[in-house]
Amino acid sequence: MNCSKNPDFVISGLSSDTEKWQFLFGLFLVLYFLSLLGNLLLLLAIDADIRLHTPMYFFLSQLSLVDLCFTTTTAPKMLEDLWTSNGSVSFSGCLTQLYFFAVFADMDNLLLTAMAIDCYAAICHPLHYPLLMTPCRCGLLVGGSWGVAHCVSLVHALLLSQLSFHTNEEIPHFFYDFGPLFQFSCSDAHLNEELKLALTGFLGISPLLCIISSYVHIFHAVARVPSKQGKKKALTTCSSHLSMVMLFYSTVFATYLKPLSTSHSSGELVAAVMYTLVTPTLNPFIYSLRSKDVKTSLKRVLGIESLWN
């Protein structure tokens, strides 16, 4: 087979049945629109209400911004492929999508960790909370997360650009990821695979352990609260975040906890759709439905409150 450092790839993972393409196009278009609408409204609601200018909502606004970019990295190309029935893309286009996909996926992970730290500080150290979660420290957490995500993605992209690949290969997926590309490499991708495993451990397992540790301390602190009302109030503070964590990691594990050599099943592709489209769409609704302050601010932004009054 021919090898090249600038090959063309073809995406073929959505469905082999062309009759389903129209349905999938409509479904993914609705999900993408809801993701854009929900995250934009949440950003506007947080910006418009001074009561929401707190560390928790600062992290949430960053998560909404990341989710906007995350879905935009994959959804437009996926919709174009379904509309035109042409999934081909150049290697430079593939590398660009892969770079930004990795950046925003890592940012999702790191921001969920920052939000877990915020919940831990609010529940376990309420008296010291204003001193622990200062605007400067919150800014450093977010800025550091952006820096780490870009550096890790840049290393992956630079190493991947040095490999040669079989030309005109069909990738059984709906976006570009490291695993399928390594399988089509003509070069030795051993270093890339080892680095991917090491960085996955650093950016995947470490934040998850931090989140688990935070919630162990949170549940221990809640158990010591004497009143049921106090326990309910404390759990309400972190319930939305915990829902987002469970949704995010369940879809990530379903997508990536498999050997690289195995083929992609329909269940894994569904999990990938959940991970890249459904989860970013649900995140703003999870928070807005459970927060009275967010709902009040949304009514003000949309002009609904004045109509009711």
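**Aromatic side chains in the chain**

Tyr99, Phe100, Phe104 and Trp146 form one aromatic cluster, where rings of Phe, Tyr and Trp (its six-membered ring) pair if their centres lie within 6.5 Å, and planes under 30 degrees apart count as stacked, over 60 as edge-to-face and the rest as tilted. This is a predicted model, in which local features need pLDDT of at least 70 and side-chain atom pairs count only at pLDDT 80 or more, whereas totals for chains, interfaces and linings use all residues. Residues are numbered from 1 along each chain as its sequence is written, and side-chain values use heavy atoms, with hydrogens and water left out.

The structure holds eight aromatic pairs. One of them joins tyrosine 215 and phenylalanine 219, a tilted pair at 5.8 Å centre to centre with 45 degrees between the planes. Both residues lie in helix H7 (residues 190–223), four residues apart, about one turn of the helix; helices here are DSSP runs of H or I with at least four residues, strands are runs of E with at least two, and both are numbered from the N terminus. Tyrosine 215 is buried at 4% relative accessibility, while phenylalanine 219, at 40%, is partly exposed, given that buried means under 20% relative accessible area, exposed over 50% and partly exposed in between (1.4 Å probe, protein chains only).

Phenylalanine 248 and tyrosine 249 form an edge-to-face pair, with 5.2 Å centre to centre and 85 degrees between the planes. Phenylalanine 248 is buried at 6% relative accessibility, and tyrosine 249 is buried at 7%.

As for the chain as a whole, it has eleven helices and five strands, and 47% of its 309 residues count as buried.
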